[in-house]
Amino acid sequence: MLSKGLKRKREEEEEKAALAVDAWWLDPGHPDVAQAAPAVASSSLFDLSVLKLHHSLRQSEPDLRHLVLVVNTLRRIQASMAPAAALPPVPSPPAAAGAADSLLASSDAALSASMASLLEDLSHIEGLSQAPQPLADEGPLGRPTGGAPPSLGALDLLGPATGCLLDDGLEGLFEDIDTSMYDSELWAPASEGFKPGPVEGPGKEEAPELDEAELDYLMDVLVGKQALERPPGPGR
Amino acid sequence: MIPGIGTLTQDTLWCFSQVKGTIEFGTTEADIISTVEFNHTGELLATGDKGGRVVIFQREQESKNQIHRRGEYNVYSTFQSHEPEFDYLKSLEIEEKINKIRWLPQQNAAYFLLSTNDKTVKLWKVSERDKRPEGYNLKDEEGRLRDPSTITTLRVPVLRPMDLMVEATPRRVFANAHTYHINSISVNSDYETYMSADDLRINLWNFEITNQSFNIVDIKPANMEELTEVITAAEFHPHHCNTFVYSSSKGTIRLCDMRASALCDRHTKFFEEPEDPSNRSFFSEIISSISDVKFSHSGRYIMTRDYLTVKVWDLNMENRPIETYQVHDYLRSKLCSLYENDCIFDKFECVWNGSDSVIMTGSYNNFFRMFDRNTKRDVTLEASRENSKPRAILKPRKVCVGGKRRKDEISVDSLDFSKKILHTAWHPSENIIAVAATNNLYIFQDKVN
């Protein structure tokens, strides 16, 4: 942590050393550089990056930008430390027998495994709250993510709750609990109180009248007497 | 100097005008300002904070008696825009922090703004009430219902003046459209649509419709293990409602035309500067990650902010920026430490002045920098309580890089990296700037002669 008044006395020497050696991946500002050989400096940077990655992965909802940048940096460091070894996104068998290499490889494997499992989790979680529709099916039409598109499966995260129910069928209903239905205004139980704003009905000027009119409107929708607002067509 | 024309000549002197916020140590996290935005006339200034609150300041009418004091900004409205939420499906807490506020152009007496946290965008209406109806037939003075059988005469209610009340009401809630964290919102020049961008997707909304949005950009790979790049910022062109840009964590900007296809995964233009081999390091990608992208008011240029520089690009030239300004190049040798303490991931914003002649961005130690594009002069100023006397002229600051430190200079190692200016705003037509320093909002104006 950079703190006030903390001077790094060896900076100038480090810079000279860095310039003398043709190693663009040396960072002269690093405190370890002065104390160790270049290979070890990279190693500490590697360790730091792995630490950051694990810390990021441990978060309940990792910052995707931070994660991606750390992973890419880690890959760069790995590439410089073991340029011969390939860097596949999936775990690969250790390339050489050396202790450093196996450390690298196992770290790589651990890294890849962690990344793979996390990103898989992310996409799995997203898959739960999303209609199972591969993107390729949409073609050049783009993806209206709600309303009444030609292929009803492409409802993504939006769309009226009733639409989701009908499309996934009963199995879809029980596969996971789609809380967007509970969050949706249409299903909000009276005890939760009425959240203003989300559903637009007629006459939205005065608050007391609004509640009644909106409740009536919602009841009509639920009962099926009244269709929901017709959304505009795509490419409006 | 002609007011309204921003130039950073020798004659421009910036003065302290106001500061909002508490002085006490140990700031509550909730008070940390996370976004600042003037409205289109500059009459209103909105801030959002980590606690999900929005505070709107209004500029007071300039009084003839106080010509030396241009209109000050006073609190106009405060409301809780977002509350912390819990996503039961993923067992995650959704932060209430306001990531961005964007004003809609004013079309009637009320003001409208969009505010967003990580997941939900809300449209707020801020309106004034200075009259109250009196003389109801069915209600008495206290609002209690009267028994209709006791009413023998009818009267017409009249509107009587009352103390001004400013109400903020949520008019629309645009929810459940983003799996990842929303980083940008941008109102389209058609005033009917807006977009919201998260790490991997951009959605297009119509203001009237909350249960549906169009996905216009999707960079999520089929296999998440192949993810190497995320969207960092996005903005609509100020005049062409079909055009928008988005920036990435790899330092690239893509310009898209919605007329070309409904899904704009294929860009129309691709802006990227080739990497400078002499500056290559492990951190090259991180420091090239763009944290903000802004169109100029003219619509001819875009400005991008990465960790160490601000760049101006001409829309007609994709292979390199036309201007590059060093914000704090002395940090280039400190990248490893800044990586260690995560400062290298800080996301600084950048802003244009009204005439697109000066650009401004923040730095550490509560410093912020301005660059005059015409004269090529730049200045470093500081937002601090020490320089907070009314109309006190801000003294330019200088960071000493090496060698002998002159008096009034500050050495790189003495910089306080916990004091970062990430969010700033510039009045649309005057030389008034708002600078957010953690939990304090500073307002500076140029000196009135």
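**Exercise 1. In this predicted model, work out the strand order of the open sheet in chain B and find which strands sit at its edges.**

Solution. Start with the strands themselves: four of them make up the open sheet in chain B, and the order reads 2-3-4-5. Next, check direction: the pairing is antiparallel. Now look for strands that pair on one side only; those are strand 2 (33–38) and strand 5 (73–80) of chain B, so they are the edge strands. To finish, follow the twist, which averages 20° from one strand to the next.

**Exercise 2. Zoom in on strands 2 and 3 of chain B: how many bridges join them, and which residue is the bridge partner of B:Thr35?**

Solution. Strand 3 of chain B covers residues 44–49, and five bridges tie strand 2 to it, with the two running antiparallel. For B:Thr35, the bridge partner in strand 3 of chain B is B:Gly48.

**Exercise 3. Count the disulfides over all chains, then say why B:Cys256 is in none.**

Solution. The count over all chains is zero. For B:Cys256, go to the nearest cysteine sulfur: it belongs to B:Cys264 and lies 5.2 Å away.

**Exercise 4. Place B:Tyr180 in chain B and decide: buried or exposed?**

Solution. B:Tyr180 sits in the loop between strand 11 (158–174) and strand 12 (184–187) of chain B. Its relative accessibility is 5%; buried means under 20%, so B:Tyr180 counts as buried. Finally, compare sequence with space: B:Tyr180 and B:Lys119 are 61 residues apart along the chain, yet their C-alpha atoms are 7.4 Å apart.

Definitions and conventions
Residues numbered from 1 in each chain as written. Chains lettered and ligands numbered in written order. Predicted model: local features only at pLDDT ≥ 70, side-chain atom pairs only at ≥ 80, totals over all residues. Heavy atoms only, no water. Disulfide = S-S within 2.5 Å. Helix = DSSP H or I, 4+ residues; strand = E, 2+ residues; numbered from the N terminus. Buried < 20%, exposed > 50% of the residue type's maximum accessible area, 1.4 Å probe, protein only. Axes fitted to C-alpha atoms, helices over the stretch in contact; angles between N-to-C directions.
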